[in-house]
Amino acid sequence: MPAPHNPFKAALKAGKPQMGCWLGLADPYVAQISAGAGFDWLLIDAEHAPNDLRSITAQMQVLAGFDSHAIVRPTIGETWMIKQYLDAGAQTLLIPMVESAAQARELVRAVTYPPHGLRGVGSALARASNFSAIPDYLQTADAEICLLVQVENRAGIAALDDILQVEGVDGVFIGPADLAADMGFIGNADAPEVKAAIMEAMGKIVAAGKAGGILTLDPEMQRACLAAGATFVATNIDVTLFAAAMRNTAKAALALLPDQVATGQATTKNASRYLQQLCKHWSHKATTDFDASQGSITFDTGNRVAMTASADQLQITATTGPRGDLARWKQVITDHLVRFAFREELTITWSE
């Protein structure tokens with residue numbers, strides 16, 4: 001009986017695009033939910049997520065019952081770490097921050113049994129061989145291991161041509177975020193220079209007959225990479241999906257509650273002047289609409305103020321969201337108006 005077939009590796013070799021998602025929540029429950037969603041592959045991340053060998057193994061055990069293929073990204077491409085993940089049953093590894101052909105060759109050795117590699121022969125203890133239930137595991141495992149290397153800085157891009165010549169590297173993944181940072185565009189993977197570098201690299205990868213991969217949440221970039229021949233593309237991350245959904249849900253829940261409102265008034269013959277001064281003062285931070293007798297100011301935070309000026313009185317309505325700090329908002333409005341009215345003693349009387 002040979003080692004388990006690696007359908008992901010076979011699909012890449014056949015040039016069949018594989019669509020995936022990142023798993024960073026480090027939980028088998030989330031992995032199971034994600035596996036049932038229909039992705040071709042799911043990446044269990046140990047580089048930027050709180051995963052260890054046991055949590056990764058638990059997630060691989062869950063994914064084994066689904067069609068979504070498990071890819072594991074170690075924290076770093078250390079041989080001892082790779083050895084543990086392979087024995088735990090990982091058949092596809094994505095190794096971060098590969099910068100040279102020499103490094104890529106060492107990674108090939110790390111995933112290969114002797115005499116051609118360094119992988120320790122301990123399959124009798126390993127989940128990978130189903131604990132010795134696969135008698136031909138040692139003889140057949142190498143052919144089913146898929147090694148993906150991650151190029152994500154200028155050094156890696158400069159060495160890409162040489163990396164692509166390394167036999168045993170099945171695919172090259174471009175890391176947009178780190179590449180953007182190294183190019184001087186930290187936090188801006190959408191910079192035209194970064195996109196151009198990615199597309200040039202993807203063209204080289206495909207032309208070399210290797211599988212090209214990327215994680216990008218930008219639909220336009222996803223389509224561009226697929227059109228260029230990329231064969232493993234991740235389109236989202238469980239962490240960001242969950243965080244966005246929870247924030248939007250909380251926002252919708254709070255929207256069911258009434259705003260907090262307070263009304264104030266001040267006796268002054270300069271009501272129109274103070275109304276216009278406050279609106280002009282906040283016009284660069286908020287949305288304002290005003291004339292000589294009425295004005296409104298709306299901040300992105302949800303804080304609002306509406307004012308009406310008559311010949312001898314300024315009427316004020318201060319509003320915050322359901323969980324806003326209404327007392328502080330009233331004080332901010334008061335402080336500004338009193339400062340504008342330094343020529344007179346302005347008193348604002350508030351009621352809620």
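Reply: Q150 stands opposite F173 in strand 6. This predicted model pairs strand 5 (residues 146-151) with strand 6 (residues 171-174) in the parallel sense, and four bridges join the two.

Two packed helices are described by the angle between their axes and the distance between the axes. The axes of helix 10 (residues 192-207) and helix 11 (residues 219-227) come within 10 Å and cross at roughly 25°. Because angles under 35 degrees count as roughly parallel, helix 10 is roughly parallel to helix 11. The crossing of these two helices is right-handed. On the side of helix 10, the contact is made by K195, I198, M199 and M202, while helix 11 contributes M221, A224 and C225. Sorted by class, the contact of helix 10 with helix 11 has six nonpolar residues, one charged residue and no polar residues.

A further set of strands pairs in the antiparallel sense. Strand 9 (residues 260-267) and strand 13 run antiparallel and are joined by eight bridges. In this pairing, A262 of strand 9 stands opposite A318 in strand 13. Strand 9 also pairs with strand 14 (residues 349-351), again in the antiparallel sense, over three bridges. Here Q265 stands opposite T349 in strand 14.

Strand 13 (residues 313-320) includes T320. The relative accessible area of T320 is 0%, so this residue is buried, the cut-off for that class being under 20%. Leaving aside residues up to four places away in sequence, T320 touches D259, Q260, G302, N303, D325, L326 and W329. Among these contacts of T320 is Q260, a residue of strand 9 (residues 260-267), the strand joined to strand 13 by eight bridges.

Technical notes:
Residues numbered from 1 in each chain as written. Predicted model: local features only at pLDDT ≥ 70, side-chain atom pairs only at ≥ 80, totals over all residues. Heavy atoms only, no water. Axes fitted to C-alpha atoms, helices over the stretch in contact; angles between N-to-C directions. Parallel < 35°, antiparallel > 145°, perpendicular 65-115°, else oblique. Left-handed = near helix turned anticlockwise from the far one by under 90°. Contact = heavy atoms within 4.5 Å. Nonpolar A, V, L, I, M, F, W, Y, C, P; charged D, E, K, R; others polar. Buried < 20%, exposed > 50% of the residue type's maximum accessible area, 1.4 Å probe, protein only. Pairing = 2+ DSSP bridges.
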